[in-house]
Number of protein chains: 2
Amino acid sequence: MANIQEVARKAGVSSATVSRVLNNTAPVSLTTRLKVEKAIKELNYEPSMLGRNLRNSESRLLLVLIPTFSNPYYIEIINGIEDYSLSNNYNILLCETDSNPERENIFFNMVKNKLADGIISMDPTVNMKKLYELAERHSIVLLSEYDEGGSIPYVTIDHEQAAYKAVNHLIKLGHNKIGFINSDEKFLYARKRREGYERALKESNIPVENEWIYHTEGVDFQDGAQAMRYFFKIKNTPTAVFAVSDTLAIGALKEINNKQLKVPEDIAVIGFDNISFSNMTNPTLSTVAQPMYEMGKKAASMLINRIKGNDVESVLMDYELIIRESTMR
Amino acid sequence: MANIQEVARKAGVSSATVSRVLNNTAPVSLTTRLKVEKAIKELNYEPSMLGRNLRNSESRLLLVLIPTFSNPYYIEIINGIEDYSLSNNYNILLCETDSNPERENIFFNMVKNKLADGIISMDPTVNMKKLYELAERHSIVLLSEYDEGGSIPYVTIDHEQAAYKAVNHLIKLGHNKIGFINSDEKFLYARKRREGYERALKESNIPVENEWIYHTEGVDFQDGAQAMRYFFKIKNTPTAVFAVSDTLAIGALKEINNKQLKVPEDIAVIGFDNISFSNMTNPTLSTVAQPMYEMGKKAASMLINRIKGNDVESVLMDYELIIRESTMR
DNA sequence: GTGAAAGCGCTAACAA
DNA sequence: TTGTTAGCGCTTTCAC
């Protein structure tokens, strides 16, 4: 592959001029521009990003941290991030941390040693201390999971209120025995959604029963099924279930099916995330939809702004309750 | 962030020595090594990949081309690719082409201008002509989709035989009206699987009816549902359906449910891919499982070998028929 | 075992 | 409008 010098020689100009043609960074006379473009074409020249990046000390690569590829929740967000990034000449590197600190370190180091320009973290298990250290000298944006009152900008929804609305919807349907399948409360979103769950109950004078709150290990289908098995085991099985993710809700649905019970007649179920599967289950799943794609775009734009040195503000996005068969009367 | 010169100065050595300590590329006396390591720690030094990559003219970045994030089929493969790559100090860049030639170009250019060292393409819509051009000077491996008799190495399964087995399974269950939900036959895998479908029928003296072969536009749930609606519309609705992907099969399942028909009693269904959701449907879905994770690892190892300049050979992997409720008697 | 120096490919400051 | 030159941070000869 030819380099800029060879192009310059072939065109009979200096490499600086070739660079100027390439980047439109200073006026070049039409004749020389044509000569240069001809040489570029003839040599099949493509500028090396390696040289350019070293010189500009940027990589135009953004890291997107997610705990696992297997949660479909992230897909649309990633699409949003990618679309915005690509159209701003940034590429994104999808980083699966597996909630593994070692992996996390690999990715943090990529930023430190200039292989990436910034990070969008969607990983609720991320090491916040290290992230703050990194944030001192590098650009970081939090997506979905965030740190209240912290200095790292984030984009998220009002998890407390969204959970409140979901549970309230179940209450209005006449339920007062409402199970809550939550994930580990070390995650902020889990704590927030629990608050929303409790507020809805209290406002309707329904006592909050600890045995109706189940904490899962992960957010796989299996975890949801296991939670449901637990609810079946206790004496007072709920007549409605709110799960903090669609994957959990779908697992619960499956388990209810296995028991030959009917949704929503015997047990109503509502999830969270509006993943594409949620419309394919039988019955279809009610859920809370976040504006995934928009959140992704927003986060990307915030990050790129940060990289450019601008100040950015955190944002709270809207969400929507989606009623489907699993909570119809 | 400190650079190698500052470390050298602080340690009282030359930058060459620091580099030698960093890369273990030549013997360094213990005392100087300790001095250097001390300086590195004190300055919190991390070598810049930008400089290193330019010097070594490599990026240690691999591109993984997939048509869309939203097909869960790719997840485990990507995990395999990523695990192998990371443990060999390569990072992977997941590239969603959206079957869009422009996007494809962006990614091809990354390889041309040294921003990436090679490509694993899982995109059946990829522009083969351009890919071959690229393959002349760069390392490429095809995964799942491949080019028979071409010069680009690939890893795949025997699609013809896998389809044959799936259909044969339906025949053994007593079906002789077997619908086939195929994707566009511009894809090699689709043509191969059709061959398998036809071979199974012919071997059992079941005539191949064109009206029982439906070609979808995409491989989303909706496409499967649409295919099933078509089968319901024709006079002679099949009693069993083989879909070339689980997503299609799940869409079909949903549509059968909507018709108040029972799977497998009224219509048996078998898919392809063994995505995680296939075990959560009601009934659970029979399918063909490819060794996704292993295929990913294998492809990554082949690509990295190629980059190193070694010759690599294409491989055919095993697959497995997974019988679940949707095809039980 | 270690250092000096060149150079990977590019861009930007300065000079002309 | 264009060329000269320095230098981004690193590794690797080649001397010593």
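Author: The model is predicted, with local features needing pLDDT of at least 70 and side-chain atom pairs pLDDT 80 or more, while totals for chains, interfaces and linings use all residues. Residues count from 1 along each chain as written, chains are lettered from A and ligands numbered from 1 in the order written, and side-chain values use heavy atoms, without hydrogens and water.

Reader: How much area do chain A and chain B bury between them?

Author: About 4,500 Å², with 64% of it on carbon and sulfur atoms. Buried area is the accessible area (1.4 Å probe) lost when two parts are put together, summed over both. On chain A's side, A:Leu50, A:Lys254 and A:Met280 supply 16% of what that chain buries against chain B, more than any other three residues.

Reader: Why are α2 and α3 of chain A called roughly perpendicular?

Author: Helix α2 (residues 15-23) and helix α3 (residues 30-43) of chain A pack at about 85°, with axes 10 Å apart. Roughly perpendicular covers 65 to 115 degrees (under 35 is roughly parallel, over 145 roughly antiparallel, the rest oblique). That puts α2(A) and α3(A) in the roughly perpendicular class. On α2(A) the contact uses A:Thr17, A:Val18, A:Val21 and A:Leu22, and on α3(A) it uses A:Arg33, A:Val36, A:Glu37 and A:Ile40.

Reader: How do you know that α1 and α2 of chain B get that label too?

Author: In chain B, the axes of helix α1 (residues 4-11) and helix α2 (residues 15-23) come within 8 Å and cross at roughly 100°. They are therefore roughly perpendicular to each other as well. The residues that meet are B:Ile4, B:Gln5, B:Val7 and B:Ala8 from α1(B), and B:Ser15, B:Val18, B:Ser19 and B:Leu22 from α2(B).

Reader: Back to A:Arg33 and A:Glu37: what makes them a salt bridge?

Author: Their closest N and O atoms are 3.9 Å apart, so the salt bridge rule lets them in. Being 4 residues apart in helix α3 of chain A, A:Arg33 and A:Glu37 are separated by about one helical turn.

Reader: What is worth noting about the backbone at A:Asn24?

Author: Phi of A:Asn24 is near 50°, a positive value in a residue other than glycine. Most residues other than glycine have a negative phi, and most peptide bonds are trans. A:Asn24 sits in the loop between α2 and α3 of chain A.

Reader: And where are there cis peptide bonds?

Author: One runs from A:Asn282 to A:Pro283, with omega near 0°. A:Pro283 lies in the loop between β9 (268-270) and β10 (287-289) of chain A. Another runs from B:Val263 to B:Pro264, with omega near 5°. B:Pro264 is in the loop between α11 (246-258) and β9 (268-270) of chain B.

Conventions:
Axes are lines fitted to C-alpha atoms, for helices over the stretch in contact, and angles run from 0 to 180 degrees between N-to-C directions. Helices (H or I, at least four residues) and strands (E, at least two) are DSSP runs, numbered from the N terminus. Contact means heavy atoms within 4.5 Å. A salt bridge is a side-chain nitrogen of Lys or Arg within 4 Å of a carboxyl oxygen of Asp or Glu.
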